[in-house]
Amino acid sequence: MRIHEYLSDQATRRAEAIAIQDWDGTLWSFAKEWEAAQAGAELLKQAGVQRGDRVLMVTENCACQCAFIFACSLIGAWAVPVNARQTASELSRIITHATPRLAVFMADVSPEAKAHGARLKATEAIGAWGRVLMAELGPSDPAPDPDVAVMLYTTGTTGTPKGVMLTHANLVFAGITSTKTRGMTESDIVYGALPMTHVFGLASMLMAATFAGSVIRLEARFTPAKLYDALVSGVTILPAVPQMHALLMQYTAEKGIDSIAGGPLRFVSSGAAPLDPVWKRKAEAFYGIALQNGYGMTETTAGVCTTKSVFGDPDISVGPPLEGVEISIDERCEGGGAGIGEVLTRGPHIMLGYFRNPEETAKVIDHDGWMHTGDLGRIDDKGLLHILGRSKELIIRGGFNIYPPEVEAAFNDHPAVIQSAVIGRRTGTGDEEVLAFIQVPHLDAVSMEDLRTFAQAQLSAYKHPSQIILALALPAAPTGKLLKHRLLDEFADQLD
């Protein structure tokens with residue numbers, strides 16, 4: 001099935017049921033969303049979009065974006081949603097690589113989208129979807145594979161961006177698996193602050209809620225105040241990343257609120273970073289329910305593994321593989337051995353490949369269909385996967401392997417720490433030193449010496465950071481995922 005068929009089915013069976021509470025509070029029924037998707041499809045066809053063409057969507061979370069994703073599905077085009085907060089040069093690189101036929105700018109939800117549209121001389125189009133700006137970007141250049149539903153661009157360092165081709169089958173599998181894992185029903189309300197321009201938000205929010213018939217409460221931009229209001233006013237499912245949890249608990253602590261236990265929330269998850277047991281206990285005490293952990297990436301349509309923990313479970317793994325998903329450990333990589341190695345996975349969640357990049361595709365998907373994730377992990381005797389970090393982020397100091405997440409966990413246990421990021425830096429001797437970047441609510445919340453003493457009590461000597469940097473914010477993607485490759489440049493003036 002194609003993804004729009006699930007929306008069509010909801011609109012047929014439950015026309016007036018609420019599908020979306022938009023970022024501005026507007027309520028969209030399934031009938032209204034389906035009408036907007038159909039009208040959007042006609043608009044795209046009138047603009048010359050053909051089956052296999054790419055349609056760039058410059059946006060932040062809104063019902064209009066949802067409608068155009070399903071509109072593309074209706075006519076066999078590829079939706080290419082990108083976050084409007086990208087710079088003009090970043091957007092230009094994506095346009096050059098994707099060669100989209102058309103760009104749609106959700107100008108009402110995002111001033112940045114409006115500015116990008118103006119720069120590209122976009123014109124206004126008003127209809128059942130609301131108001132958008134549209135710009136024709138080039139001649140039709142249909143791709144040969146019509147089964148691709150969405151192409152997402154990964155958060156990279158520099159150079160040519162990678163377009164991850166996700167098929168309808170990928171997204172259907174991800175959406176249905178999410179609904180089963182959470183036990184989602186038509187009475188659920190999903191909090192939608194994760195950007196749908198990234199796979200976590202696209203798959204675990206939009207697809208899951210559409211397939212289950214749940215409501216999505218969309219937020220264009222995350223703030224802890226809005227999240228708190230949502231949690232005490234009906235939201236039942238919270239998919240989030242660690243930064244969102246940390247900022248929420250900082251916000252409530254400043255207001256003297258220790259817990260929201262007993263509210264409507266029934267499922268809360270965390271992804272994108274390994275869990276620390278102390279932090280997990282703190283989060284569970286705050287929410288009053290079990291915190292579920294998961295693992296995935298853009299190339300695996302978000303999901304590989306997820307937990308089904310009970311409240312208070314000390315397990316900090318990412319759980320067993322999802323039903324239908326295989327995992328394996330390749331110990332031959334750097335830092336591997338003794339049960340530790342690169343995480344491999346295969347199954348119906350694996351991307352079709354990287355757009356127009358067969359060489360890079362072949363590097364990560366082998367001839368047996370295994371996806372080489374680049375993450376280091378181990379599988380315990382219960383079949384649970386433990387993620388130790390990115391293989392490229394492994395720090396080798398004095399011949400010892402250091403996994404950044406265990407150093408980060410030592411700092412994250414401190415009550416004044418919001419989150420931390422640890423990286424290695426090559427020294428003049430060819431060895432590596434450990435650098436720790438610590439996000440705090442204000443710069444006098446804790447001293448570097450206090451933090452150093454606190455962490456040293458939990459870490460072997462060779463894992464001690466050479467330098468600690470305090471910061472009010474760390475570089476992050478719109479998803480909240482920390483961008484470690486930017487740390488050295490952003491804090492160059494503070495590094496020895």
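In this predicted model, F68 and W129 are both buried. Their rings form an aromatic pair with centres 5.8 Å apart and 65° between the planes. Planes over 60 degrees apart count as edge-to-face, and F68 and W129 are therefore an edge-to-face pair. F68 belongs to helix α3, residues 63-75, while W129 sits in the loop between β6 (123-127) and β7 (130-136), so the contact ties together parts that are 61 residues apart in sequence.

The model has 6 aromatic pairs by the ring-centre rule, the F68 and W129 pair being one of them.

K32 lies over the face of W28, 4.6 Å from the ring centre. For K162, the ring is that of Y354: K162 lies over its face at 5.0 Å from the centre.

Helix α1 comes next. This helix spans residues 3-13, and its buried residues are I3, H4, Y6, L7, Q10 and A11. Around the helix axis these residues cover an arc of only 155°, which means that they are on the same side of α1. The elements that cover the buried residues of α1 include α2 (30-46), α3, β8 (148-153), α6 (168-182) and α7 (199-212). Helix α3, named among them, is also the helix that holds F68 of the pair with W129.

Methods:
Residues numbered from 1 in each chain as written. Predicted model: local features only at pLDDT ≥ 70, side-chain atom pairs only at ≥ 80, totals over all residues. Heavy atoms only, no water. Phe/Tyr/Trp six-rings, centres within 6.5 Å; stacked < 30°, edge-to-face > 60°. Helix = DSSP H or I, 4+ residues; strand = E, 2+ residues; numbered from the N terminus. Buried < 20%, exposed > 50% of the residue type's maximum accessible area, 1.4 Å probe, protein only. Lys NZ or Arg CZ within 6 Å of the ring centre and 35° of its normal. Arc of directions from axis to C-beta. Contact = heavy atoms within 4.5 Å.
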